Amino acid sequence: METFWEAFKRHGVSRRDFIKFATTITGMMGLAPSMVPTVVRAMETKPRVPVIWIHGLECTCCSESFIRSATPLASDVVLSMISLEYDDTLSAAAGEPLEEHRKKIMKEYWGNYILAVEGNPPLGEDGMYCIVAGKPFLEHLKESAEGAKAIIAWGSCASWGCVQAAKPNPTTAVPVDKVITNKPIIKVPGCPPIAEVMTGVVMYMVLFDRIPPLDSQGRPKMFYGNRIHDTCYRRAFFNAGQFVERFDDDAARKGWCLYKMGCRGPTTYNQCGSIRWYNGLSYPIQAGHGCIGCAEKDFWDNGPFYERLTNIPVPKQEADADRVGAVAVATAVGGAIVHGVASKLRNSGKKEG
Amino acid sequence: MRIETAKKIYIFSPGLRIWHWVNFLTIITLFATGLYIGRAFFLGPTGVEATYAYGEGLTMGLIRKVHFIAGYVLLASFIFRLLIALFSKRDRLVLPTLWRRDYWVGLKEITLKYILLMRDDEGHEYIRNACARTVYPLVYLAILFMIITGFGMYGMSNPSGFWASLFGWIVWFLGGEFSTHMWHHWVAWLIIIFAVLHVYFVVREEAIKKNGELSSMFNGYKFFKGKPVDLEDIE
């Protein structure tokens, strides 16, 4: 395969633009400026890496996000940086010829291709809830993972399970790492993940020929190290105690903190506060809506989205921890008083016998 | 009037008494500030720019700061409590003596007393009754849980930092940061329910037996009619 630099030259990109590009992506990958020469060197020498991109139980929002990447452009990534050999959503070819091509690529680059998984496999009914190329996606995934160098789990589906794995999980959908256990898996959660995070992960892997540093949950540290709350531009309003209390109140118009509206920023690890979306244009909190925590495990089960404290299942009541706690403490106090009076009566008078 | 002879026994060491009252103050502070952090039931100063709000009244930032300082004090006093238990026998009364017969006899007696089937002046006397021996370890565990979850969440603002590497694992063990917030909240209420019952049973003991239960956490002494069954635990 040709190197990136060769691919760039073929497209008529000047050396100057090439260096500019290398500098930009160094920043996007969260690397120090001193790494620029290393990135340039890697782009001049490393061959493009074949990628097989498969789709399981999902909504394709990861692909939708990916193709909107602005820095670098998704088209640059797909056409110049990686060699996207199989993607049943993006490719022009379809059916048996495409499946044949996937098998050919797997054989040709055995142990060297990257497998990108979008969506997850449902295990229920032997995997019959999701069929790809006439076979359960479960088999499709296992077969494609066999010769992969590493696996990228795109989005919350592949990383945690997401909506299809929310209670009661009727199809028994499981994240990729429950099925594939013998390959390095990079989790890139989010529903969808930020486009620049997706391209950043891909670039890191192809340029340095290794997986990015991961945290204990298997997420790239440079993109999932911070809570949205800790990078949020509305954090000052939180610290000042200036909160939105209704979506139509004056505080909402002033752009105060959405904490009381159930914002999940304090419990969500993602780059929305710093990289933001659509080439840094905005992100949910900036648009006036709280974060729903889409990059977090089981975020669908931690509802309601507009409440700060989750409901405790009390029959026929809407009750959160504070209400249940207050009732329990009041009961304890009442019980103590009644018990105290009874104890005093029981122990009055002389000891018998 | 019959004069009863009472034996004055030294039970609570000065270290333990100091720890108890420090713990009382920190837990009250942590609970009050924690309730506000979980549910911000009043707004901070609203007429000023957020930047200048600190000087204008009670802010979330200040309340969180108090919560974190109290958290550090709680941690320090917890470590202090463990250390004094290493050096002094009478500070080691917290584990249930499941292997001893007197524990089970005591558990039966205290249960009968609490459900009012037995008078409190009947049965054996204990330095530390079996019910307390059973519940206190759970309270220590609850406080430890609050310390771990609290510092876990606190430390994750710097995921490569000291607190995150020490206690950050709890966040993932409990299924994510949101669940950790909820667990932290629920267990806080459990500790307060314990506190209510704790105060009640102490007052009850004092009111019925008049044995210095209430003042023992100030001066260290309690009064007994006879020789307590578990006297060997402190002497």
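This is a predicted model: local features need pLDDT of at least 70, side-chain atom pairs count only at pLDDT 80 or more; totals for chains, interfaces and linings use all residues.
In the model, local features need pLDDT of at least 70 and side-chain atom pairs count only at pLDDT 80 or more, while totals for chains, interfaces and linings use all residues; side-chain values use heavy atoms, with hydrogens and water left out. Residues are numbered from 1 along each chain as its sequence is written, and chains are lettered from A, with ligands numbered from 1, in the order in which they are written.

**The sheet of chain A**

- Chain A holds an open sheet of 5 strands in the order 2-1-3-6-7, with parallel pairing. Here strands (E, at least two residues) and helices (H or I, at least four) are DSSP runs numbered from the N terminus, and two strands pair if DSSP finds at least two bridges between them.
- Strand 2 (82–87) and strand 7 (185–188) of chain A are the edge strands, each pairing on one side only.
- On average, neighbouring strands of this sheet are turned by 25° against each other, direction ignored. Axes are lines fitted to C-alpha atoms, for helices over the stretch in contact, and angles run from 0 to 180 degrees between N-to-C directions.
- Strand 1 (residues 49–55) and strand 3 (residues 113–118) of chain A run parallel and are joined by 5 bridges. Within strand 3 of chain A, Ala116(A) is the bridge partner of Trp53(A).

**Helices on the sheet**

- Helix 6 (residues 96–108) of chain A packs on the sheet and touches strand 1, strand 2 and strand 3 of chain A, where contact means heavy atoms within 4.5 Å. The direction of helix 6 makes about 135° with that of strand 2 of chain A.
- Helix 8 (residues 137–145) of chain A lies across strand 1, strand 2, strand 3 and strand 6 (148–154) of chain A. Helix 8 runs at about 160° to strand 3 of chain A.

**Chain B as a whole**

- Chain B has 8 helices and 2 strands, and its pattern along the sequence is β-α-α-α-α-α-α-α-α-β.
- Taken along the principal axes, the C-alpha atoms of chain B fill a box of roughly 75 × 40 × 35 Å.

**Where chain B meets chain A**

- The contact takes 53 residues from chain A and 54 residues from chain B.
- About 4400 Å² is buried between the chains, and carbon and sulfur atoms give 57% of that area. Buried area is the accessible area (1.4 Å probe) that two parts lose on being put together, summed over both.
- On the chain B side, Arg119(B), Trp172(B) and Phe178(B) lose the most area to chain A, together 18% of what that side buries.
- There are 2 salt bridges between the chains, each a side-chain nitrogen of Lys or Arg within 4 Å of a carboxyl oxygen of Asp or Glu. The side chains of Arg227(A) and Glu177(B) meet in a salt bridge at 2.4 Å, N to O.
- Helix 1 (14–38), helix 2 (60–87), helix 4 (130–155) and helix 7 (177–209) of chain B are the elements that give two or more residues to the side touching chain A. Helix 7 of chain B gives the largest share, 17 residues.

**Backbone details in chain A**

- The peptide bond from Lys167(A) to Pro168(A) is cis, with omega near 5°. Pro168(A) is found in the loop between helix 9 (155–159) and strand 7 of chain A.
- Cys162(A) lies in the loop between helix 9 and strand 7 of chain A, and has a positive phi of about 55° although it is not a glycine.
- Cys191(A) and Pro192(A) are joined by a cis peptide bond with omega about -5°. Pro192(A) sits in the loop between strand 7 and helix 10 (195–208) of chain A.
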